[in-house]
Amino acid sequence: MQQQYKNLILLIGVFVVAVLLFFLYSEMINIAQKPWSVVYAANGKVYIGKVVNFPSFQLFEPYSVDIVQDPEKEEGQLTFRLTPLSEVIWAPEKLDFNREQVIFSGPLDKNSRAWKAIEEERQER
């Protein structure tokens, strides 16, 4: 009888580990299908990318959103610039965030200028 309980506990443990591994694998493999999201960090920086929440908060295919002087307009006119972090010198594949340093995150609207700019840039590559 004691052996049956040990076998049952072992079977349940293996099942739980298998389910966790499945969720981890499925979360990581479907990055291409994930929608673009915006992340506002505690340091004031805004990033756009594909969020993965498990096992930690990660942003794949990240872009940095910077406010810059618009060269085509008069002085004082600001605009946004999206910089793919794959083009910076340290070229990260993903950003790992401490959850406490994320002020908010949410999906990017498909009709937004940022979404359209990212899609255009990716098609040009």
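In what sense do strand β3 and β5 pair, and over how many bridges? In this predicted model, local features require pLDDT of at least 70 and side-chain atom pairs count only at pLDDT 80 or more, whereas totals for chains, interfaces and linings use all residues. Residues are numbered from 1 along each chain as its sequence is written, and side-chain values use heavy atoms, with hydrogens and water left out.

The protein contains two helices and six strands, these being DSSP runs (H or I of at least four residues for helices, E of at least two for strands) numbered from the N terminus, and their order along the sequence is α-β-β-β-β-β-β-α. Strand β3 (residues 57–69) pairs with β5 in the antiparallel sense over four bridges, pairing being assigned where DSSP finds at least two bridges between strands; Phe-57 stands opposite Phe-97 in β5.

Thr-83, located in strand β4 (residues 78–84), counts as buried because its relative accessibility is 18%. Apart from neighbours within four places in sequence, Thr-83 is in contact with Pro-62, Tyr-63, Ser-64, Asp-66 and Val-88, contact meaning heavy atoms within 4.5 Å. Leu-20, by comparison, lies in helix α1 (residues 2–29) and is partly exposed, with a relative accessible area of 46%.

Conventions
Buried < 20%, exposed > 50% of the residue type's maximum accessible area, 1.4 Å probe, protein only.
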